[in-house]
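Here is a briefing on one protein structure. Sequence and coordinates come first, then the notes by topic.

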Amino acid sequence: MDKKELVKKNNIVEIFGDGACKGNPGPGGYGAILKYGENIKEISGYEIETTNNRMEMMAVIEALRQLKRPCNVMVVTDSQYVVKGMTKWIQGWIRKNWMTSEKKPVLNRGLWEELIRLNKTHNIQWKWIKGHNGHPYNERCDQLAKDAISKAVEN
């Protein structure tokens with residue numbers, strides 16, 4: 001099924017993601033929720049030494065990797081870094097051979113390239129929401145990320 005066929009269908013997978021870090025850099029975790037109709041799946045993970053931005057990206061990447069076929073997706077995150085990166089900055093970075101407007105290498109290039117690959121597979125809409133503002137799925141993802149940090153610290 002190609003993207004044009006996919007867009008005709010109105011079934012949407014909602015992905016909510018959040019990342020957190022204890023120190024920046026430091027141990028970090030991510031949490032994500034995939035919601036399709038009444039079906040909900042939670043995932044989380046951690047890295048021993050990472051940054052908050054990397055964990056924000058990993059929440060979305062790992063959630064998208066859960067999808068077994070091309071889907072219509074609404075990614076909802078409190079990370080302006082992720083949303084602006086995918087909707088505003090990415091084309092300029094590619095055009096400038098992965099350099100920022102300050103002529104410095106783009107951080108997390110490998111993760112951005114993975115998001116581009118996943119974005120080509122799925123029909124994704126990117127939505128920013130204010131964090132720590134009572135949104136139940138965002139709050140749950142934040143808790144999953146913090147729980148993952150606890151596991152990272154234990155290891």
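The disulfide count for this predicted model is zero. A disulfide is counted here when a pair of cysteine sulfur atoms lies within 2.5 Å. A disulfide is a covalent bond between the sulfur atoms of two cysteines.

**Cysteines**

- The closest cysteine sulfur to that of C71 is in C141, 18 Å away, too far for a bond.
- C71 is buried, with a relative accessible area of 8%; buried means under 20% relative accessible area, exposed over 50%, and partly exposed in between (1.4 Å probe, protein chains only).
- For C141, the closest cysteine sulfur is in C21, 17 Å away, which is too far for a bond.
- C141 is buried too, at 0% relative accessibility.

**Ground rules**

- This is a predicted model, where local features need pLDDT of at least 70, side-chain atom pairs count only at pLDDT 80 or more, and totals for chains, interfaces and linings use all residues.
- Residues are numbered from 1 along each chain as its sequence is written, and side-chain values use heavy atoms, leaving out hydrogens and water.

**Sheet**

- Five strands form an open sheet with mixed pairing, in the order β3-β2-β1-β4-β5.
- β3 (39-50) and β5 (123-128) stand at the edges with a single partner strand each, so one side of each has no neighbour in the sheet.
- On average, neighbouring strands of this sheet are turned by 20 degrees against each other, direction ignored.
- Strands (E, at least two residues) and helices (H or I, at least four) are DSSP runs, numbered from the N terminus.
- Two strands pair if DSSP finds at least two bridges between them.
- β2 (residues 26-36) pairs with β3 in the antiparallel sense over 10 bridges.
- G26 has T50 in β3 as its bridge partner.
- β1 and β4 run parallel and are joined by six bridges, with G17 opposite T77 in β4.
- β4 and β5 also run parallel, joined by six bridges, and V73 stands opposite I124 in β5.

- Six of the six residues of β4 are buried.
- Both faces of β4 are covered: N72, M74 and V76 are buried on one side, and V73, V75 and T77 on the other.
- Helix α2 (residues 52-65) lies across β1 (12-21), β2, β3, β4 (72-77) and β5.
- α2 runs at about 155 degrees to β1; axes are lines fitted to C-alpha atoms, for helices over the stretch in contact, and angles run from 0 to 180 degrees between N-to-C directions.

**Annotated site**

- The unreviewed UniProt entry carries a "binding site" annotation on D18, E56 and D78; UniProt positions follow the numbering used here, feature names are shortened, and annotations may be inferred rather than shown by experiment.
- These residues span 61 residues in sequence, yet no two of their C-alpha atoms are more than 8.6 Å apart, so they gather at one spot.
- D18 is found in strand β1 and is buried, with a relative accessible area of 2%.
- Leaving aside neighbours within four places in sequence, the contacts of D18 (heavy atoms within 4.5 Å) include G29, Y30, M55, E56, D78, N138 and C141.
- D78 lies in the loop between β4 and α3 (80-95) and is buried, with a relative accessible area of 15%.
- Not counting residues up to four places away in sequence, D78 touches G17, D18, E56, W128, I129, K130, G131 and N138.
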